[in-house]
Amino acid sequence: MLATLHRHISFPLARKLSPSAFGSRFSVRSMADSASSPFKKIQIQREDTTFDAYVVGKDDAPGIVVLQEWWGVDFEIKNHAVKISQLEPGFKALIPDLYRGKVGLDVAEAQHLMDGLDWQGAVKDISASVKWLKENGSKKVGVTGFCMGGALSIASSVLMPDIDAIVAFYGVPSSELADPAKAKAPVQAHFGELDNFVGFSDVMAAKALEEKLKVSGIPYEVHIYPGNAHAFMNRSSEGVNRRKGMGMPDEDEAAVQLAWSRFQSWMIKYLSA
């Protein structure tokens with residue numbers, strides 16, 4: 001069986017997580033539902049399976065596939081997709097539901113869901129999402145993702161020839177899944193200096209990725225943000241509390257805005273028709 005990314009991203013479950021970081025399970029699921037209002041829910045078919053996806057943005061705008069963290073399609077990834085759709089000059093964001101409707105409401109659930117993910121199937125879901133966008137008004141399509149989705153974004157640049165740009169946040173694929181030295185699409189990557197998920201999104205992983213991208217010959221940027229830990233882009237009140245409960249209290253709005261500015265410039269450069 002294909003070795004999966006979770007070898008690198010088994011978050012230390014022994015950490016004591018504050019129950020207040022999550023609230024009740026129902027309130028978290030309610031937040032996920034309430035965040036869906038700007039979205040059009042669609043179904044995408046690939047081979048013999050169908051999966052749900054959520055689309056927001058102008059119909060004829062450049063497309064961006066937005067890949068979830070290990071939590072699933074929750075409030076935070078939907079926040080990111082809405083943000084992306086609103087960046088000038090406007091993008092059409094699509095979130096494929098890689099977990100088929102399941103959402104991890106605490107660390108243990110998220111770990112269980114990610115451990116059970118069919119990574120080869122997830123790559124096929126991403127490819128089908130790119131195809132859907134190109135068949136539905138987007139002349140060019142990029143892929144972005146966060147944490148688990150960041151790693152899958154970089155894997156996409158290696159495994160799919162029809163992607164025009166990648167922006168990955170704090171995640172690097174295992175060598176068994178994809179070798180970034182073979183990337184085919186321009187890659188921009190973002191990491192927090194204090195990220196301690198060794199081999200997956202820490203500074204050493206970021207620097208190793210940079211060396212691999214040099215070999216690939218494609219345009220690339222690797223940015224490291226001082227004083228920031230994992231998942232520093234998560235700025236909703238719920239996301240901030242969740243990070244604090246996981247031992248990541250840093251809040252750096254300037255770094256977040258800088259990362260979004262770099263994201264915007266990269267996608268404009270490579271997705272402009």
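Predicted model: local features only at pLDDT ≥ 70, side-chain atom pairs only at ≥ 80, totals over all residues.

Author: Residues are numbered from 1 along each chain as its sequence is written, and side-chain values use heavy atoms, with hydrogens and water left out.

Reader: Why is Cys147 called buried?

Author: Buried means under 20% relative accessible area, exposed over 50%, and partly exposed in between, with a 1.4 Å probe and protein chains only. Cys147 has 2% relative accessibility and therefore counts as buried. Cys147 is placed in the loop between strand E5 (141-146) and helix H5 (148-159); helices (H or I, at least four residues) and strands (E, at least two) are DSSP runs, numbered from the N terminus.

Reader: What makes the phi of Cys147 worth noting?

Author: Most residues other than glycine have a negative phi. Cys147 is not a glycine, yet its phi is positive, at about 60°. Tyr170 likewise is not a glycine and has a positive phi of about 40°. Tyr170 belongs to the loop between strand E6 (165-169) and strand E7 (187-192), and its relative accessible area of 0% is why it is buried.

Reader: How do you know that the length of helix H4 agrees with its number of residues?

Author: The expected span of a helix is 1.5 Å times one less than its number of residues. For the 17 residues of H4 (residues 119-135) this gives 24 Å, and the end C-alpha atoms are 24 Å apart, so the two agree. At the start of H4, a side-chain oxygen of Asp118 comes to within 3.3 Å of the backbone nitrogen of Gln120; a polar contact is a pair of N or O atoms within 3.5 Å, where within protein one must be able to donate a hydrogen and the other to accept it, and residues adjacent in sequence count only if both atoms are side-chain atoms. Just after H4, Gly137 has a positive phi of about 105°.

Reader: Which residues does Ser85 touch, and why is Ser85 called buried?

Author: Ser85, in helix H2, has a relative accessible area of 13% and is therefore buried. Contact means heavy atoms within 4.5 Å. Not counting residues up to four places away in sequence, Ser85 touches Val56, Gly57, Gly90 and Phe91.

Reader: What is the omega of the peptide bond that joins Glu88 and Pro89?

Author: Omega is about 5°, and the bond joining Glu88 and Pro89 is cis. Most peptide bonds are trans. Pro89 is found in the loop between helix H2 (75-86) and strand E4 (92-96).
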